[in-house]
Amino acid sequence: MNTDTTRAQVLLKEHRDSIDRLDAILVYTLAERFKQTQAVGKLKAEHDLPPSDPSRETRQIERLEWLSKEADLDPAFAKKFLTFIISEVIRHHEQLQK
């Protein structure tokens, strides 16, 4: 193998190692987020509060879109991602109220 190819393989491994670490951070962060939303869902169920809060959800999506622009992340992707998470949270909250 020539030195350029060898160097590319080293760089590729470094990038992939970084991606693997970031994936682990994402998983643990999502797990912590869902622990918090589960606590919110239990509190809502105990006090007969609605499982969703559309005005907060709208504010959160707007906030995430702003953060994504600051972070140089596609805002449309960020919105889809948070919308998916919110729908899962609401689904969990609805289950807790049954």
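Predicted model: local features only at pLDDT ≥ 70, side-chain atom pairs only at ≥ 80, totals over all residues.
## Salt bridges

Let's start with charge. Side chains of opposite charge can pair when their charged atoms come close. How many salt bridges does the structure hold? There are 2.

One of them joins the side chains of K13 and D17, with 2.8 Å from N to O. Both residues belong to helix α1, which covers residues 3-46. They sit 4 residues apart, or about one turn of the helix. K13 is exposed, at 51% relative accessible area, while D17 is partly exposed, at 29%.

Another salt bridge links the side chains of R91 and E88, at 2.7 Å from N to O. You'll find this pair in helix α3, 3 residues apart, again about one turn of the helix. R91 is partly exposed, with a relative accessible area of 36%.

## A nonpolar patch on the surface

L73, F77 and F81 make up a nonpolar patch on the surface, and together they have about 280 Å² of accessible area.

Take F81, which is part of helix α3 (residues 75-96). Its relative accessibility is 36%, so F81 counts as partly exposed.

## A buried serine

Is S68 buried or exposed? S68 counts as buried because its relative accessible area is 3%, and the cut-off for buried is under 20%. This residue lies in helix α2, which runs over residues 54-70.

Which residues does S68 touch, leaving aside its neighbours within four places in sequence? The contacts are L73, D74, P75 and A78. You've already met L73: it belongs to the nonpolar patch with F77 and F81.

Conventions
Residues numbered from 1 in each chain as written. Heavy atoms only, no water. Patch = residues over 30% accessible without salt bridge, like charges linked within 9 Å, V, L, I, M, F, W, Y side chains within 5 Å. Areas by Shrake-Rupley, 256 points an atom, 1.4 Å probe, with all protein chains shown as cover. Salt bridge = Lys/Arg side-chain N within 4 Å of Asp/Glu carboxyl O. Helix = DSSP H or I, 4+ residues; strand = E, 2+ residues; numbered from the N terminus. Buried < 20%, exposed > 50% of the residue type's maximum accessible area, 1.4 Å probe, protein only. Contact = heavy atoms within 4.5 Å.
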